[in-house]
Amino acid sequence: MLDWLISLWSDPNTRWILLGCTLLGLGSGVIGSFTFLRRESLLGDTLAHAALPGVCVAFMLNEVKSASLFLLGALFAGIAAVLCVSAISRWTRIKSDAAMGIVLTFFFGVGTVMLTHIQHSGSGSQSGLDKYLFGQAAAMVTGDVYLLMGVSVLLILAAMLLFKEFKLISFDPGFARGIGLPVGLLEHAMLILTTIAVAAGIQAVGVVLVAALLITPAAAARYWTDRLPVMLLYAGLFGAVSGAAGAAVSTLGEGIPTGPVTVLAATLLFVLSLLLAPGRGLISRGLRRRILKADYARSAERGALNAAEGGSRK
């Protein structure tokens, strides 16, 4: 185990990939916390599945596997998906969660058809494009890592600079609107940041599972604290650990996708939080209930004894 960790850190390419995926998990966990608090968890899944046709269109227009072009394609596809969800919710009686389910399956179906067409087109440069389904961090080049790091720094800085505004619109958008904040503009900014996080993570984690990197660390962090700054810190830490674990394990072999390993690591952290977190964890809640029951039993016993003593005096 120690030799493997040393070999990972001694390889410059692997070291950069680990750093990039760690920062991606950090930024995604922080931004995903606001999405989680706004109860828009399905939105990340919609954006992730909608990113696939954007990636395919970007490749078909240029026939070059460029992370920056794929990021733009995924970004435009994500915006188009959100507009479709908004239109369905506004002009029909379908609720937003059902609209998201309709849109994500439609976009993912279109993307899968386009990906199949590209894979059978005979183009020599299409090799490895299917890695965007489940992610393969080991396939990233230096330019991809730089882009990943830049996006992660952007997400973290945006969360820091707009922390008070994002906090208000997450907990009480009515009050935020009442004090004059541009709630609509801030919601669009948060949506764009979420889309960027999804688009940046599709190569490392894959379009199928990248939404988990937004939501699962935030859900795990919620068990540890009631304070938003501390929750963001925990969510970023859990996301960073998950991203690093996925990247590290995927270097063991060419056939090991990064996305499933990253999601498994994030889910393990969530389960540990669910069980062990003080105050909210199942174990601590169970212990607290046992203590309360024991205190109640002792109080009832003392009450019965006092009643018996009072009756004997009479």
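**Entry 1: two arginines in a loop**

I began with Arg38, which has its place in the loop between α2 and α3. My helix and strand labels are DSSP runs (H or I of at least four residues for helices, E of at least two for strands), numbered from the N terminus. Before going on, I noted that this is a predicted model, where local features need pLDDT of at least 70, side-chain atom pairs count only at pLDDT 80 or more, and totals for chains, interfaces and linings use all residues. Residues are numbered from 1 along each chain as its sequence is written, and side-chain values use heavy atoms, with hydrogens and water left out.

Is Arg38 buried or exposed? Its relative accessible area is 18%, so Arg38 is buried. For the record, buried means under 20% relative accessible area, exposed over 50%, and partly exposed in between, with a 1.4 Å probe and protein chains only. I then asked which residues Arg38 touches, not counting those up to four places away in sequence. They are Ile169, Ser170, Glu187 and Met190, where contact means heavy atoms within 4.5 Å.

Arg39 is in the loop between α2 (12–37) and α3 too. With 80% relative accessibility, Arg39 counts as exposed. I also checked its backbone: phi of Arg39 is near 60°, a positive value in a residue other than glycine. Most residues other than glycine have a negative phi.

**Entry 2: the whole chain**

Next I stepped back to the protein chain, which has 14 helices and zero strands. Of its 314 residues, 44% count as buried. I also looked at contacts between residues at least 6 apart in sequence, and 73% of them join residues at least 24 apart.

**Entry 3: α3 against α4**

How do helix α3 (residues 41–62) and helix α4 (residues 67–91) pack? Their axes are 6 Å apart, at an angle of about 130°. Axes here are lines fitted to C-alpha atoms, for helices over the stretch in contact, and angles run from 0 to 180 degrees between N-to-C directions. α3 and α4 are therefore oblique to each other. The classes are roughly parallel under 35 degrees, roughly antiparallel over 145, roughly perpendicular from 65 to 115, and oblique for the rest.

Ala, Val, Leu, Ile, Met, Phe, Trp, Tyr, Cys and Pro count as nonpolar, Asp, Glu, Lys and Arg as charged, and the others, Gly among them, as polar.

The buried residues of α5 pack against α3, α4 and α6 (131–134). Leu115 is one of the buried residues in α5, with 8% relative accessibility. Leu115 and Phe59 are 56 residues apart in sequence, yet 9.8 Å apart in space, C-alpha to C-alpha.

**Entry 4: Ile202**

Where is Ile202 placed? I found Ile202 in helix α10 (residues 183–205). At 2% relative accessibility, Ile202 counts as buried. Leaving aside neighbours within four places in sequence, Ile202 is in contact with residues including Ala51, Val55, Ala74 and Tyr132. The C-alpha atoms of Ile202 and Leu133 are separated by 7.7 Å, though the two are 69 residues apart along the chain.

**Entry 5: α11 against α13**

Last, I looked at helix α11 (residues 210–222) and helix α13 (residues 258–276), whose axes come within 8 Å and cross at roughly 15°. α11 and α13 are therefore roughly parallel to each other, and their crossing is left-handed. The residues of this contact divide into eight nonpolar, four polar and no charged.

Definitions and conventions:
Left-handed = near helix turned anticlockwise from the far one by under 90°.
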